[in-house]
Amino acid sequence: MTRPPEPISVWEPREVDGERVFVRPDPLPLGDHFAAVKELRPKKAELPLRVAFFGESVAAGYLYAPHLTPARVLESQLRAAGGETHFEVIDLARTNETLASLAETVRTSLQINPDVLAIFVGNNWNLLETPEVSPYAPSVTARREVAAALRAEGISGPIRLAAERLHERAQATLEQIAFIARTVQIPVVLVLPEVNLADWETRQPPVWLPGDGAARWHGLYKVANHALERRDLAAAREAADSMLELDGGACASTWRILARIQGELGNPEEARRAALAEVDAAGYATLAFLGAPQATTAAREIQGDAARRHGFAAVDLRAVFREHTGEILPGRRMFLDYCHLTTEGIHVAMAAVAAEVLNLSGMLETDVDWQSLLRRLPVPVLSPEAEATARLGAAIHSAHRLLTVGRKGPILEHWLDAALEASPGVEAAMLDVAEARCIPAPAVLTAALRRNFASPYRLLLQHGIRWDFLDADLLEAVQAVLERRGTPARVWIARLLLQHHAMGEEGTDLAEPPYLWEPLERFFPEVMRFEDLAERATVRSPWPATSFCLICNGEKDVRIEPTLRLPTVNGSRSGRVAIEINGVEIGGMDATDLWSRGTLRIGRGHLHPGLNRLTLHWPAPREEGGAALQAAIRRLEQGLAADLHPIFGEVFSLIAHTA
Amino acid sequence: MPRTGRAGPGGEAGKVELPYNRPGMNVLGLSAFFHESACCLLRDGRLVAAAEEERFSRVKHDPRLPVSAFRWCLKRGGIGLVDLDAVAFYESPVAKVSRQFWAGTAADLLDPERPERAIREGLGWEGPILTFPHHLSHAASAFFFSGFPAAAVLTVDGVGEWDTTAYGQAGGTGIDLFESVAFPHSLGLLYSTITSYLGFAVNDGEYKVMGLAPYGEPRYLKEMRRLVASGPDGQFRLDLRYFDFVRGRKMYSEALVDLLGQPPRSRESEITRFHQDVARSLQTVLEEILIEKTRWLHERTGLPDLCMAGGVALNCVANGRILREGSFRRLFVQPAAGDSGGCLGAAALAHVHLTDERPGEALQHVYLGPCSTADEVSRLLGAAELPALDFRYREAEMLEVVVDRLEARKVVAWFHGPLELGPRALGGRSLLGDPRDPEMRDRLNRLVKKREAFRPFAPSVLGEHAAAHFDLGHPSPFMLETCRVLSPLDLPAVTHVDGSARPQTVDAAVAPRFAALLEAFHRRTGCPILVNTSFNVRGEPIVASPVDALLCFASTGIDTLALEDFVIDRDRLPADWADLLPAWRQRLRSGFARNTGEWSAISEDLYTFV
């Protein structure tokens, strides 16, 4: 009995003129996660040899698609090296791929008779695969399980639990793929990802640490950063070593500081080890903060083991990139962001895959190595406009996703400059983005977006067209870069901001989402309003400082009226909250664990026309961290979500008036 | 009353100013965690703000802690968190959990501390939390805002804590609920059960059953009377053999299917004569019981006026009959009679508790939600570069232009002033049309509402002309009762199959611009009536902000948008919006579904967040 046809990913089976075809819905005008290939058809002839290409957003060409995708690059490389009519690549990669859907797509792809399976995954093997190992999971059972792991082993308990689960799930998926491949006797090529170690930083605070460890850690963090700023590497090293001692290596940011120190000291191998430890320590197991998809050591090892056990061909991009670039810490040359590849990155990575496929195909008289193949291959053709759009996308994406231990501006400005270098006309797109962000409405309603859509620099959803935050870092980077090139962007952006965000009679509440300077500094489940968690009407800060966007014309004093408190797990707490505008402390307010409201006048001399950064510096929590963590465990045991991190301060409202 | 938050010091640059407090009693009412959560603010007993969370979150019937509504109520009231005196919650969590425990809900899911914890942790509230029984909150929401010095009170819904129906009398600051009907015997759940059997969603499709009923004949009265039997005084009982909602996973049992003789209707399938007859029979039995019970209540209290709330009080057909055929002289139904309006009652009860004074005043309108200034709208339209007609300071001209569109049989989306509280759009966020147009109902459905063709649309009529067109001897500002259409005009768009309508009478003193529009339409056409349905598409809450309005307008087939002082015609919209906006809305909707449903799909949000 023949099985009825099944969808392959989003491609639905259809009968067209008596022939089975798989047809995908039209791509949404704002873009979607799948290859822009309308139809897939079963293979009819021996040649071309068909490579089915699977993977996550890296494999889908995130930020370049649909102009350039790894699958299309691979196809053109195979044809260039193995014959124009001898190869084709079917692009089944998708952004947000998970293990379960990967296995299903591989299985159903057999309906179109692939000859080779090429699989490029591992960056997403994080919270997407083990969301239940989290103190915020919407399940009493899951929370109790996290509590048990915490009680038994501290923070390493849930991390171990998540790692074990991931190992089981990934291994099972790779077993399934091996079984499928064996059954139809086709080879598998696994691509082991490399990640951006030089330019991508992960800023996450540690969980409660015993005694006053959390307060000490944050104090040391500040010392280390200041020392790095003034290149006092010995002081930075001393502080970082103490941080490591306190957090036991479980906090990604300590590793980043160590990586930066080693980099400054000229020890790239040491820096690399620290950066890898940073990736491995990113706190997915707590799901408290958004990290970036980056393949961990475990993810790469699971794939390496599977390749050995099942006889898969393996392309290790870590080795490939290192050999290609000579860089010990791969960075912006190969990566647009945490893991998505530049044009060169795609070219090199796919050349390595092409070499494996060519060798497996037996179509060449002798095996080929990727290095010699790469030298022969044409560079992918991409219009300057598409390249500039991808680089602008990298800047926008980094503005949203990158939380740096060091400064964020330089990386954003790098990508904006790079975009302008690729195609100076992209400046119009930058101004359109800036305009759309200044307007308190969905970008899709703005004339700015329409202009952008009619231009050769069309930004799709994945480039960050959202509307609920001002995107202060991006606005600042755009104005800095354009001002350097002679475009008076500062005045223009200030005018737009004042037009749409001027303080009315009621004042502006800076605690409302649009005015949070860095929205992702909060607990991630709060940002996303996850199911089964208490909704929050307040802004809670897991960092010693919280910044807001204050918009004014700079001609008058501004009066601010914060309503804030210093949360505590047990007992009471009090301290002074220092208030800073554009980096200058202008006053403070005494606060306790109960709400207080104060007022403060900011003299116009401290204010710029347009965007101003208002920062609250919180006093450190002085509670006994062990007891605080125990309290969190007790909540989890009751089936309640719990924060494992100290909260420095909480803001209900921060009203700003023109004085 | 001690304030638990502390007003803190402030000062000249760098120095703290003197503390300050605002005088008066500020009570925030809150309903949440079942469906349609909401908040309201009473300042010195006066209702100054109220809104459902769904209008902010854009999740229909959003049951979550109403954080946005909470923040907005304080903002509208011009106060801060530390100025609040109390938060009042609309039901007793312990009593509710005891009923859920009795009904067999898994122990892990029972958490009587959840509301307080959510208010403390989610809203950050440190002060007193006062909780009031569910039906008492409903009763208070009706009585204290009725303007009646004393009244009988009837609350009817699915279930609140243990009770499903409560009877009482109120006067001054006191409400005495002297009789109740206990779960599982529930008129609300009876109605929801048949709603489910007829293929509509529970807690959403009950209106549809009410709208379907006039198409049918009461051929299943005998069967309905087996489902529910009236008892002495205020009592009635369900025959539980026909129901499965107590411990089962659906509303009705197989016995009900056997009794009615046909399988339940699947969602979106054809509606047959049988379904119409079942709806009619249910509606008839509900009306009979309610009339009987209100007569008993009248006898028991001897009071001339009746106040009603609870979800069943939104059954405007039954309300009309209660008033016409019952014993009471006047009826006040609290316009947000469902659970969202429970927050009004809780706040009122808290005010009484704290001050010994009667709160509230006769509710003149429900324009209690967010609004936008013409300048804000102007900036939005400017940012979109929409060629809108600007009528700032020229209202009369604007109304004539809108009437031009209405007279040309166009569908006009009307956005003016504060958003309405409750399920009815009453001229704040409305879709309007010419009621004389025989095509208008289909047109509204085709272009925007996408709802079942059998459902009627309601009319808004100038108050002074109401009696000439409707069998209505009193104002009906909240569209909460039906009556016969008497109009000499042919009004096919608003006249139901049985010759009834559910009018809103519009008073120029309360809704001046909406009344002026009706007057302008009347002057031009001789018809003082407009079709008025809510400004939303199926499955979405009523629009709240100008952005919502623009998105809804641009991604549906609405002909014209009157957005505060601006008028925008469809043919002036950018051509590419036709593709872009539906795609955008689809992305938003799927985002909401994920955030309220599937944990496993959070990956989508990691990317759509950027």
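Two strands pair if DSSP finds at least two bridges between them. Helices (H or I, at least four residues) and strands (E, at least two) are themselves DSSP runs, numbered from the N terminus. The structure looked at here is a predicted model, where local features need pLDDT of at least 70 and side-chain atom pairs count only at pLDDT 80 or more, while totals for chains, interfaces and linings use all residues. Residues are numbered from 1 along each chain as its sequence is written, and chains are lettered from A, with ligands numbered from 1, in the order in which they are written.

Strand E21 of chain B is a handy place to start. E21(B) (residues 529–534) pairs with strand E17 (residues 458–462) of chain B in the antiparallel sense, over 4 bridges, and Ser460(B) sits opposite Leu530(B) of E21(B). Strand E16 (residues 429–433) of chain B also pairs with E21(B), again in the antiparallel sense and over 4 bridges; here Leu431(B) has Thr533(B) as its bridge partner. A residue is called buried if 20 or more other C-beta atoms lie within 10 Å of its own, exposed if 12 or fewer, and partly exposed in between, with C-beta atoms placed from the backbone. Because 6 of the 6 residues of E21(B) are buried, this strand is largely enclosed by the rest of the structure.

Elsewhere in chain B, an open sheet of 5 strands runs in the order E9-E8-E7-E12-E13, with mixed pairing. Strand E9 (174–182) and strand E13 (330–333) of chain B are the edge strands; each has a single partner strand, so one side of each has no neighbour in the sheet. From one strand to the next, the twist averages 20°. Strand E12 (residues 305–309) of chain B pairs with E13(B) in the parallel sense over 4 bridges, and Asp305(B) stands opposite Arg330(B) in E13(B). Helix H6 of chain B packs on this sheet, touching strand E7 (150–160) and strand E8 (163–171) of chain B, and its direction makes about 45° with that of E7(B). Axes here are lines fitted to C-alpha atoms, for helices over the stretch in contact, and angles run from 0 to 180 degrees between N-to-C directions.

H6(B) (residues 187–197) also has a helix partner: its axis and that of helix H10 (residues 273–301) of chain B come within 11 Å and cross at roughly 175°. That makes H6(B) roughly antiparallel to H10(B). The cut-offs behind that wording are under 35 degrees for roughly parallel, over 145 for roughly antiparallel, 65 to 115 for roughly perpendicular and oblique for the rest. Leu187(B), Tyr191(B) and Ile194(B) on the H6(B) side meet Val278(B), Leu282(B), Leu286(B) and Ile289(B) on the H10(B) side. By class, this contact has 7 nonpolar, no polar and no charged residues. Ala, Val, Leu, Ile, Met, Phe, Trp, Tyr, Cys and Pro count as nonpolar, Asp, Glu, Lys and Arg as charged, and the others, Gly among them, as polar.

Helix H2 (residues 67–77) of chain B has 10 of its 11 residues buried, so H2(B) is largely enclosed by the rest of the structure. Among those buried residues are Phe70(B), Trp72(B), Cys73(B) and Leu74(B). The buried residues of H2(B) pack against strand E2 (26–31), E3, strand E4 (46–52), helix H1 (54–57) and helix H4 (114–122) of chain B.

Leu41(B) belongs to strand E3 (residues 38–43) of chain B. With 28 C-beta neighbours inside 10 Å, Leu41(B) counts as buried. Two residues are in contact if their C-beta atoms, placed from the backbone, lie within 7 Å. Leaving aside neighbours within four places in sequence, the contacts of Leu41(B) include Asn26(B), Cys73(B) and Leu74(B). Asn26(B) is 15 residues away along the chain, yet its C-alpha atom is separated from that of Leu41(B) by 7.0 Å.

Over in chain A, His500(A) lies in helix H19 (residues 489–501). His500(A) counts as buried because it has 21 C-beta neighbours inside 10 Å. Leaving aside neighbours within four places in sequence, His500(A) is in contact with Cys438(A), Ile439(A), Pro440(A) and Arg379(B).
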